[in-house]
Amino acid sequence: MHRIHNFSAGPAALPDEVRFNVAEALSVPPDFQPSVMEISHRGPAFADIAERLMAGLRRLTGLGDEHAICLLQGGAHLQFAMLPMNLAAGRAAAYLDSGHWAGKAIDEARRITKVHIAGSGEGGNYRSLPAVDPALPDDVAYLHYCGNETIHGLQFPEPPEAGGVPLAADLSSEIFCREYPFHRLGMAYAGTQKNLGISGLTLVVLRRDLLERIPEILPKILDYRTWADSDSLINTPPTLAWYVMLEVVEWIERQGGLAGLGERNRQRAAKLYAAIDGSGFYNNPVEPAQRSIMNVPFLVPDAELEPVFVREAEAAGMPGLKGHRAVGGLRASLYNGLDDGAVDALTGFMADFEQRHG
Ligand SMILES: *Cc1c(COP(=O)(O)O)cnc(C)c1O
């Protein structure tokens, strides 16, 4: 029997080892010892998980005391709102419009504060990344960018330059896919369901000096200071999601950390892009230097072939290749947890599909 290769855009594949470890941890032993889902978040067993997780996140981000690391709920969507509520503090906030997810963050920010669009890729149908307008006003509260546009398949090779303006980043589909200069960021957030484990958590990092700007009127649960001051244990956390994230963090470190994973991820993506570019049948329109190593959207010559591709790929053991409903087409997500044989299986299937339908 062939294994399934899971190309889902999110919630996404977990590394095999993590799945085995989690399954083991949740199994029911003969004495019914409680699992991580059934213990107090104030007790010593959970405290051990929390401590190891936070220490691992500090090692992977390389961040010291000048940044707080928090784990919230509500997904990236809650951060679209919390960021301007906490850090705009009566000032305008600048946003780079690079595609679908940047647009969602912009729409939410507009409900809360004045938004300055510092650059947009809309005119070019989001096939390349916008540059920061040199006339960026220097009194904006922060500059927000989406590090990896999950749907359009664009990735900032490095954080944009914003002068002295603090950077705020949505890293939901890019977090820990490679080494990253986290120390350059004022704030960053990432939902856990792509590269960090299962859904239910959002990693938030914040430069502590920015916490001083937060208005006093916010409800406590929406105030970043409450999270930073309570080790993210304001109330009952999703204990299973914390545990899975710990397994993922420890797995990343066993892969040679972010340097090792980054190398593997770049090679996998390069192989898939080479198959697309070399075919004359498949097409990826993104500016080559800005192509995502995590999400690879591609088109076939005739949109009527898309459902056929999705159906046949799934039958061949490769689910999750349908493009996002906002843009259609096809998309392979190559997150950290994707198994090593998956890209070869996909390029093999693509060559076969082209022969039959090209
Ligand atoms: C998946 C994704 C989101 C949405 O995340 P939720 O946790 O569902 O709110 C936001 N931004 C990016 C870049 C994403 O990939």
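Trainee: What classes of residue are found in the shell around the ligand?

Mentor: The shell has 4 nonpolar, 7 polar and 2 charged residues. Here Ala, Val, Leu, Ile, Met, Phe, Trp, Tyr, Cys and Pro count as nonpolar, Asp, Glu, Lys and Arg as charged, and the others, Gly among them, as polar. The model is predicted: local features need pLDDT of at least 70 and side-chain atom pairs pLDDT 80 or more, while totals for chains, interfaces and linings use all residues. Residues are numbered from 1 along each chain as its sequence is written, and side-chain values use heavy atoms, with hydrogens and water left out.

Trainee: How many residues surround the ligand, and which are the closest?

Mentor: The ligand is surrounded by 13 residues, the closest being His77, Thr150, Asp170, Gln193 and Lys194. A residue is counted as near when one of its heavy atoms lies within 4 Å of the molecule or strand in question. Helix H3 (residues 75-87) gives the largest share of the shell, 4 residues. Helices (H or I, at least four residues) and strands (E, at least two) are DSSP runs, numbered from the N terminus.

Trainee: Why is the meeting of Asp16 and Arg3 called a salt bridge?

Mentor: The term requires a side-chain nitrogen of Lys or Arg within 4 Å of a carboxyl oxygen of Asp or Glu. For Asp16 and Arg3 the N to O distance is 2.8 Å, so the pair qualifies. Asp16 lies in helix H1 (residues 16-26) and Arg3 in the segment before H1, so the bridge ties together parts that are 13 residues apart in sequence. The structure holds 17 salt bridges.

Trainee: Why does Asp16 count as partly exposed?

Mentor: Buried means under 20% relative accessible area, exposed over 50%, and partly exposed in between (1.4 Å probe, protein chains only). Asp16 has 32% relative accessibility, so it counts as partly exposed. Arg3, at 41%, also counts as partly exposed.

Trainee: Which residue forms a salt bridge with Arg178?

Mentor: The partner is Glu174, and the closest N and O atoms are 2.9 Å apart. Both Arg178 and Glu174 are buried.

Trainee: Which parts does the salt bridge of Asp344 and Lys271 tie together?

Mentor: The side chains of Asp344 and Lys271 meet at 3.0 Å, N to O. Asp344 lies in helix H9 (residues 342-357) and Lys271 in helix H7 (residues 257-277), so the pair ties together parts that are 73 residues apart in sequence. Elsewhere, salt bridges that share partners join Arg3, Asp16 and Asp339 into one network.

Trainee: How do you know that strand S1 is mostly covered?

Mentor: In S1 (residues 67-72), 6 of its 6 residues are buried. In a regular strand the side chains alternate between the two faces of the sheet. Both faces of S1 are covered, with His67, Ile69 and Leu71 buried on one side and Ala68, Cys70 and Leu72 on the other.

Trainee: What makes S1 and strand S9 a pair?

Mentor: Two strands pair if DSSP finds at least two bridges between them. S1 and S9 (residues 202-207) have 6 bridges in the antiparallel sense, so they pair. Thr202 in S9 is the bridge partner of Leu72.

Trainee: Why is Ser8 called buried?

Mentor: Its relative accessible area is 17%, so Ser8 is buried. The side chain of Ser8 reaches the backbone nitrogen of Gly10 at 3.3 Å. Gly10 is joined to Pro11 by a cis peptide bond, with omega about -10 degrees.

Trainee: Why is Asp231 called exposed?

Mentor: Asp231 has a relative accessible area of 59%, so it is exposed. Asp231 lies in the loop between helix H5 (224-229) and helix H6 (239-254), and has a positive phi of about 50 degrees although it is not a glycine.

Terms used
Polar contact = N/O pair within 3.5 Å; in protein donor to acceptor, adjacent residues only side chain to side chain.
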